[in-house]
Amino acid sequence: MTRVLVFGAGGRVGNRLALSVPGEIAGKFLTRSECDITSAGAVQDAVEAWRPDVVINAAAYTAVDDAESDPSRAFAVNAEGPRNVAAAAASVKARIIHISTDYVFDGETRLPYTPEDQPNPLNVYGKSKREGEIAVRDSNARSLVIRASWLYDTEGRNFLRAVLERMMKGQPLRVVADQVGSPTSAAGLARIVWVCATHPEIEGIHHWAGLGRASWHEFAVAIQELAISSGLVKSAVMIEPVTSAEYGTPARRPRFSVLDSSALSKALGRSPDPWREALADSLSQVTRA
Ligand SMILES: NC(=O)c1ccc[n+]([C@@H]2O[C@H](COP(=O)([O-])OP(=O)(O)OC[C@H]3O[C@@H](n4cnc5c(N)ncnc54)[C@H](OP(=O)(O)O)[C@@H]3O)[C@@H](O)[C@H]2O)c1
């Protein structure tokens, strides 16, 4: 059995990890109330108590817009936190798998980002996440950073749920059409994190995101098409495409943050599903629920 300790178990990815523990893994899951990763002592105690082979850090401050006005909190959780987790992992000779984001890139390209591409985050959240990546890389622990993008889930607060809820109430939507990325299922990411947990040879920075690309507007239109065809939503609502400037958020976001997952796909011998297929699969589970 591989012993795994997961921080941030109450979040989208943490929750999906908890729901999909493979048979060969003995997992221990800690939510923020059980262990705050900004406390080096609490993290060390947790690691010493469970003595894991692998530590997964799924904890993060993910409020991209709020981070602009609360940078110290964002850096505490997204940079100091992973530093604490990596140091504790190193102290018991455990590997660390740390989750990061497409928002470490500036979006000034039209080619999918590979792990070798130079990060240049545009906002506080992205800067804090990049600092976390560096802290993990520079620690004494063997490490794997998996960058994901545009995570959605059938539960909790996220783009898919928010859009579906408005559609179910017949409310129109304004959705940004000039940011392009790769919608990624949190459940699919969790599956690949578990595979990586038992592949110690996979190290460094890797990318994992739904195959293909879409704007947020195209993503919302696809959600509507699939939700109508599966009977989840009765009739179409207006989905107005708007620019980032018209939508107006405190944090700047990259115009293009499609991730190239081919290196990790090759290493594992499996590739992410095309985003639309993964979305259809997720929506079929909402229908059944
Ligand atoms: N969401 C996306 O679209 C997206 C895209 C790319 C990459 N990512 C990355 O994917 C990873 C997982 O994100 P997610 O979508 O699962 O985020 P999430 O749903 O916001 O979950 C993050 C979890 O971390 C917890 N947390 C916050 N501060 C903490 C602390 N100091 N100590 C311990 N736990 C703490 C949160 O607890 P509370 O709920 O109690 O605050 C929450 O349960 C993150 O590294 C994120 O940067 C996310």
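**Helix packing and ligand contacts**

Helix 4 and helix 5 cross in a right-handed sense (the near helix is turned clockwise from the far one by less than a right angle). This is a predicted model: local features need pLDDT of at least 70, side-chain atom pairs count only at pLDDT 80 or more, and totals for chains, interfaces and linings use all residues. Residues are numbered from 1 along each chain as its sequence is written, and side-chain values use heavy atoms, without hydrogens and water.

**Helix 4 and helix 5**
- Helix 4 (residues 71–91) packs on helix 5 (residues 124–137) at about 15°, with the axes 8 Å apart.
- That angle makes helix 4 roughly parallel to helix 5 (angles under 35 degrees).
- The contact (heavy atoms within 4.5 Å) includes Phe75 and Arg83 of helix 4 and Tyr125 and Lys129 of helix 5.
- Its residues divide into 10 nonpolar, three polar and four charged.

**Helix 6 and helix 8**
- Helix 6 (residues 159–168) and helix 8 (residues 216–229) pack at about 55°, with axes 10 Å apart.

**Ligand**
- Around the ligand are 24 residues (a heavy atom within 4 Å).
- Val13, Asp36, Thr62, Tyr125 and Lys129 come nearest.
- A polar side-chain atom of threonine 62 lies 2.6 Å from a ligand oxygen atom.
- An N or O atom in the lysine 129 side chain is 2.6 Å from a ligand oxygen atom.
- A polar backbone atom of glycine 11 is 2.9 Å from a ligand oxygen atom.

Key: Axes are lines fitted to C-alpha atoms, for helices over the stretch in contact, and angles run from 0 to 180 degrees between N-to-C directions. Helices (H or I, at least four residues) and strands (E, at least two) are DSSP runs, numbered from the N terminus. A polar contact is a pair of N or O atoms within 3.5 Å; within protein, one must be able to donate a hydrogen and the other to accept it, and residues adjacent in sequence count only if both atoms are side-chain atoms. Angles under 35 degrees count as roughly parallel, over 145 as roughly antiparallel, 65 to 115 as roughly perpendicular and the rest as oblique. Ala, Val, Leu, Ile, Met, Phe, Trp, Tyr, Cys and Pro count as nonpolar, Asp, Glu, Lys and Arg as charged, and the others, Gly among them, as polar.
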